[in-house]
Each structure stands twice: as structure tokens, then as C-alpha cells.
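Please walk me through this structure in a few plain paragraphs.

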Amino acid sequence: MATTTANEKSWQSVLSKVVFVLALLGGLLHVYNSAFGTISAFQMRPLHLGIVGILAVFMDYLSVKESKHPKLHILVNTAILVCVILGVSELLMNYAEIANAAGVVSNRVVICCTLLVIAILYMTTRKVGKALAIVALVFLLYALLGQYLPGALGHRGYSFSRLMYFLYVNGNGIFGVPIDTSARYLVLFMIMGEFIELSGTSKLFMAAADFVASKLRGGAAKSSVVASALFGCISGTPIANVMVTGAFTIPMMKKSGFQDEFAAGVEATASTGGLIMPPMMGAAAFIMAELLGISYGAIMLAAVIPALLYYFSIYLSIDFYSAKHGIQRVQGIDMADVKRRIKLYAHTIIPLVVFVVSVIMGYSVFRSAILCIVLTPIVAALRKETRMSVMDILKGFANGMKSTVSLGAACACAGIIVGVVSLTGFGFSFAELLGLFNQVPIVALLITMLVCLIMGMGMPAVASYMITATIAAPTLIEMGFLPIAVHMFIFYFSSFSSVTPPVALASYAAAGLARTNPMKTGWEAFKLALVAFLAPYFFIYSPELIAQGDLFSTLQVFLAAIVGTISFVCGVRGYLWGGEVKNILLRAVLFVGGGLMIMPGLVTDLIGLGMLAAVIVIVKIQRKGQNTQTPAVS
């Protein structure tokens with residue numbers, strides 16, 4: 001028995017090293033190609049998917065102990081490995097021949113694509129979840145059986161061989177924009193994030209969170225916002241962010257006096273905000289830049305004001321909650337140690353600052369990211385406590401590549417869906433539906449929002465965004481909305497599906513850490529994130545809120561939105577500085593007035609400001625009357 005255990009450990013050790021080497025070589029290859037661009041996109045896309053697929057299988061081999069049927073687990077994964085290798089090798093080795101065939105469908109291509117589709121669906125199920133794989137399967141069936149559907153949803157129908165050929169060869173299929181973005185951007189940014197983490201920047205973030213916790217009312221929750229915003233802008237993955245920062249912030253919040261559901265909700269909303277928080281944002285932001293044909297710097301700039309308003313609204317909610325429940329700053333934090341840590345790790349933020357400045361100056365995202373990667377170990381070497389060893393650097397490349405596996409699988413699966421939409425004209429059918437509301441575009445926006453939220457249930461934001469942008473964005477743009485505003489609208493609702501009940505994955509992860517009811521946590525998170533659900537409607541009608549105007553109008557909108565956010569949160573939380581506002585009508589006035597001020601426009605700003613001022617006066621009069629009636633204590 002002991003020998004068997006020793007053999008298992010030895011086998012696991014060898015397999016771990018194989019995974020490490022594969023991931024390391026894959027990461028180095030992607031960085032090399034980003035730096036020098038010697039591999040064409042037509043070769044890099046299948047090569048990337050091949051690396052992702054092989055890594056996914058080998059990483060699954062490592063989890064064989066968790067399987068109820070180990071032998072079947074190994075057998076299935078071996079079959080998937082063969083599917084991946086055969087699926088990408090045909091395109092890698094014979095692309096010129098396939099391209100020159102000018103649409104002639106060969107059995108070899110059909111077989112290879114079939115194997116690849118099977119592998120993608122399996123990888124997506126294992127690494128992302130069943131929801132996205134099921135949606136892809138439904139779309140495949142739609143392509144094959146659409147001729148039997150009535151009305152606008154129906155189409156002339158496509159044979160299996162025609163469908164597989166299109167998905168394999170056409171630039172709108174498996175090897176389209178999603179997988180191209182994964183190959184060109186995501187690996188690079190995951191490696192960059194790993195380097196920043198390994199250099200000690202995370203410890204700087206923790207020190208900053210401790211500083212906030214020790215200085216401010218409700219500091220435990222406010223430190224969660226700081227930590228999650230800082231981590232989230234690098235990771236761009238809500239659930240991972242919850243698990244990393246929530247492990248220490250949620251217990252600290254509960255200990256400080258915050259209710260379990262509120263503590264978990266704060267962590268979920270703060271972590272989800274990382275998707276919209278520059279500089280890194282989520283994977284969908286890179287696809288947006290590709291689809292719009294603009295720089296990533298322009299996407300970052302557009303995201304700044306809504307992201308600041310979002311985190312400001314969470315901060316206010318925490319502050320008002322703390323005031324109502326008498327929760328003060330966290331006691332017992334060694335400030336001398338906090339200052340020491342900030343001083344010790346402060347220099348590690350330099351590479352990230354250089355990245356942001358480089359993008360703003362107009363350099364390509366690739367060059368900026370590579371500069372950050374190269375600079376990180378150099379800057380880290382300034383202090384022995386942060387110095388990165390050769391193994392740390394190698395781990396940075398390998399872990400970054402491994403982190404891309406789930407995103408790569410999601411992008412490939414999204415490519416299947418986008419391919420079917422492109423082939424069947426489903427996008428035109430959906431456009432016809434939205435076109436019915438051409439005279440009332442708000443209804444079209446509401447439908448688009450619901451599609452984003454439904455698509456986002458159980459699937460990554462990148463897939464939800466890509467699918468909805470494909471079928472809805474062109475029609476909304478034709479209605480007269482600004483392209484970047486439309487895509488930001490879809491991006492926002494795709495991102496915040498993770499805190500939208502009934503399926504709110506980030507909220508569920510936080511509820512697990514807080515050991516509280518997932519649904520209650522989901523609704524608390526939804527309430528905390530309300531600004532994020534209103535802002536898209538405001539900026540799509542008035543793009544100044546996403547910096548699509550001159551500097552003066554942008555500043556004017558920003559200042560009005562800040563005051564509006566204060567009024568809005570006062571209404572939601574029933575608190576105005578100095579005490580509670582229990583009157584439902586007054587809370588409604590604060591809520592509506594805040595919304596009017598967040599909505600750009602001088603008239604709405606003045607109306608909203610007037611409503612806020614009126615409530616302040618009424619509340620002051622009421623409180624003065626209550627104080628007068630209170631008998632003096634002798």
C-alpha cells in the first residue's frame with residue numbers, strides 16, 4: 001500500500017513538473033510573439049488554443065484523485081488530448097492548402113473541427129462551467145435545425161459539414177476575435193499580473209487596506225473596498241478576487257460588527273468592480289478595443305468616471321451603514337508595522353504606474369505590458385525583501401499561462417457561438433426584434449440588458465459581452481447611440497451579472513466565506529451595486545460620463561455625478577449625515593434627485609440639486625423639532 005502511495009506521489013510530482021514546463025514554454029512563446037510578432041495570426045490562434053487545450057488536459061490529470069472514477073477520468077482526458085492535437089494540427093500544418101481550396105469542404109477539415117468542438121465543449125465545462133457549454137450546444141443545434149423554426153428565428157438550415165467548415169476556417173468562427181484576443185492580450189496580461197504579485201505589490205495593497213481600516217469609521221469594510229479595487233484592477237476576475245481578499249476582509253468585517261450578509265455583499269461588489277476598474281479591467285475590455293478599432297487607452301479613459309462613481313457609492317453605503325450601527329475603525333492594528341510595510345513595498349508599484357503612463361502616452365498595449373514585465377524584477381531587486389529569484393520569474397511566466405486556460409476555453413466557446421450567429425444570420429433576427437422599438441430605444445436597451453444578465457449567469461463576462469455585442473451592438477448603434485457607449489453599456493451589464501440574483505457567482509463565493517445565505521448576500525450585493533446598474537443608461541444617452549466630450553463638460557458631469565451619487569446612496573440607505581431618514585417619501589426624493597444629477601444635463605442637475613436641498617432643509621427642521629421636544633436632563 002505504501003508503495004502504491006509513493007508511486008502516486010512520484011507520478012503527481014512528475015506530472016506537476018510537466019505542467020510547469022509546458023506552461024513556461026507557452027508563456028515565453030506568447031511574450032516572444034507579442035514582442036517580435038514573427039508568428040502570423042493564422043498560426044498563433046490555433047497554436048494558442050492547442051497550448052490551452054493541452055494544459056487543460058494535463059491540469060485535469062492532476063485532479064484525478066478528486067474523481068469518483070479515476071480510470072474513466074484519465075481515459076476521457078486522454079481522448080480530449082487527442083481531439084485537441086488533431087483539431088489544431090490540421091490548421092497549423094495545412095492552412096495554405098485549406099485557404100486555396102476556396103470553400104471546398106473536405107472530410108478531413110470536418111473531422112478535425114468536430115474533434116476540436118468536442119474538446120472545446122469539454123474544456124469549457126471543466127474550466128468555466130456548464131452554462132456556457134450548454135449555450136454553445138444550443139446554438140450548434142440552432143444552426144443544424146433552424147429550418148424547422150417558425151418566423152424570424154428560422155433560417156434555411158445548414159449541413160453538419162458546412163457548419164464545421166465555417167467554424168474552422170472562417171475568421172468569425174472558433175479562430176475569430178475572442179481567441180485572437182486571448183492569444184494576443186490575455187496571456188500577456190496574466191503574466192504581467194503574476195509578476196506584479198510576485199514582486200510584493202499585493203503586500204503593499206494589504207498594507208494600504210490595513211491603513212484604511214485603522215483610520216476610518218467602518219474601516220474593516222472600507223479596507224475591503226481598497227484591497228478588492230487594487231487586486232481587481234490587476235486580476236480582472238471577480239471570484240478569484242473574492243477568494244484572495246475576502247479570506248481576510250470578511251472575517252475582519254464580521255468581527256467589527258457588520259452583518260454577515262452585508263460583509264459578504266461588500267466583498268462581492270468590490271471584487272466585481274475590478275472588471276471595470278482601469279488599468280487592467282477584464283478580458284472583455286481588450287475585445288472591445290478590437291471590435292471598436294480604438295486603443296486600449298481610450299477604453300481605460302472611458303471607464304474611469306463610472307468606476308470611480310461605483311466605488312464611491314460602495315464607500316458611502318459602508319459609511320452610512322457604519323454610522324447607523326455605530327461601527328468604528330478597527331482597533332489593534334500596529335500602525336508602525338503598517339507604515340514599515342508601505343515603505344518597504346512602495347517601489348513595487350512603479351512598473352504598474354509605468355504601464356499606465358505608457359498606455360496614456362499612446363504606446364501599444366503589448367509594448368506597455370512587456371515593459372512592465374521586464375521592469376518588475378528590475379525594480380523588485382532594489383530591496384532584498386522584494387527581490388525576485390530566477391525561479392520566481394519562471395513561475396511568473398508559467399502561472400500566467402496557466403491562469404489563461406479557463407479564459408482561453410471561454411473565448412474558444414464564445415467563438416463557436418459567434419460563428420453560428422454569423423453563419424445563420426441570427427444577429428439579423430435579433431436586430432429585427434430590437435428594430436421594432438426603434439421609436440422607443442429605452443425598450444431595446446432594457447432587452448439588451450436582460451440578455452447580458454441572462455448570458456452572464458454562470459459564464460465569464462468576456463463570453464457574455466462577446467455574444468451580446470455581436471447580436472445587439474450594431475442595431476443600437478444604428479439607433480444613433482455612440483459606438484463606445486453601446487459597447488460600454490453591454491460590457492457593464494455583462495460584468496455585473498456576477499452580483500445579480502438569482503445566479504450571482506461572486507456573491508455566492510463571498511457567502512461561502514462568510515458562511516451566510518447566498519441569496520440574501522446576492523440581494524445585498526445588488527443593492528450595493530445599484531449605481532452600476534443605472535450608470536450605463538445615463539452614459540449611453542450622455543457620453544460625457546465616459547469622457548466623450550471636452551474637458552470642461554466632462555469635469556462638470558463628474559462633479560454633478562459625485563453629488564448625485566451622495567444623494568442616491570442617502571436615499572437607498574435611509575441616512576443623511578447626522579442621522580437616519582425614516583420617511584419613505586423623503587428617501588424616494590433623495591433617490592430620484594441623485595439619479596437626476598448622475599444623468600448628465602444642466603436642467604436635470606439643477607432639479608436634482610433642488611430636490612436634495614429640499615430634503616436637507618426638511619430633515620433639519622424635523623431634527624430641530626425633535627431636539628426641542630426632548631426634555632432637558634436635570
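L576, leaving aside its neighbours within four places in sequence, is in contact with C570, V581, V615, I616, V619 and R623, where contact means heavy atoms within 4.5 Å. L576 belongs to strand β1 (residues 575-576); helices (H or I, at least four residues) and strands (E, at least two) are DSSP runs, numbered from the N terminus. At 8% relative accessibility L576 counts as buried, a class that means under 20% relative accessible area, with exposed over 50% and partly exposed in between (1.4 Å probe, protein chains only). Between the C-alpha atoms of L576 and R126, which are 450 residues apart in sequence, there are 48 Å in space.

The model is predicted, so local features need pLDDT of at least 70 and side-chain atom pairs count only at pLDDT 80 or more, while totals for chains, interfaces and linings use all residues. Residues are numbered from 1 along each chain as its sequence is written, and side-chain values use heavy atoms, with hydrogens and water left out. The predictor's confidence in each residue, pLDDT, runs from 0 to 100. Its chain average is 87, and 96% of the residues score at least 70. Confidence is lowest in helix α9 (residues 219-235), at a mean of 81, and highest in helix α4 (residues 107-127), at 94.

F58 is in helix α2 (residues 41-62) and, at 17% relative accessibility, counts as buried. Apart from neighbours within four places in sequence, F58 is in contact with L15, V18, V19, L22 and L81. F58 and I305 are 247 residues apart along the chain, and their C-alpha atoms are separated by 42 Å. S89 lies in helix α3 (residues 70-100) and is also counted as buried, at 18% relative accessibility.

Why is helix α12 (residues 283-292) largely enclosed by the rest of the structure? Seven of its ten residues are buried, namely A283, A284, A285, F286, I287, M288 and A289. These buried residues pack against α7 (177-198), α13 (296-325), α16 (365-380), α17, α20 and α21 (483-495). Just after α12, G293 takes a positive phi of about 70 degrees.

Helix α20 (residues 461-478) holds T468, which is buried with a relative accessible area of 0%. Beyond its neighbours within four places in sequence, T468 is in contact with T448, V451, C452, M455, A473 and I490.

Rolling a probe the size of a water molecule over the atoms shows where empty space is left. On a 1 Å grid over the protein atoms alone, a cavity is a set of points where a 1.4 Å probe fits but cannot get out, and a pocket is an open set with protein on both sides within 12 Å along at least five of seven lines; lining residues have an atom within 4 Å of a point. The second largest pocket has about 280 Å³ of space, a volume being the space filled by probe spheres set on the points, which are joined across faces, edges and corners. Its lining has 16 residues, of which G427, F428, A431, T470 and P474 lie nearest its centre. Two or more lining residues come from each of α17 (390-424), α18 (426-435) and α20, and α20 gives the most, with five. The lining divides into seven nonpolar, eight polar and one charged residue; Ala, Val, Leu, Ile, Met, Phe, Trp, Tyr, Cys and Pro count as nonpolar, Asp, Glu, Lys and Arg as charged, and the others, Gly among them, as polar.

How many disulfides are there? A disulfide is a pair of cysteine sulfur atoms within 2.5 Å, and by this rule the count is zero. The sulfur of C413 is too far for a bond, because the closest cysteine sulfur, in C411, is 10 Å away. For C452 the closest cysteine sulfur is again in C411, at 16 Å, too far for a bond. C413 is buried with a relative accessible area of 0%, and C452 is buried at 0% too.

Positive phi values also occur in residues other than glycine. R515 has phi near 55 degrees and lies in the loop between α22 (505-514) and α23 (518-528), where R515 counts as exposed at 77% relative accessibility. A547, with phi near 60 degrees, is in the loop between α24 (530-541) and α25 (551-573).
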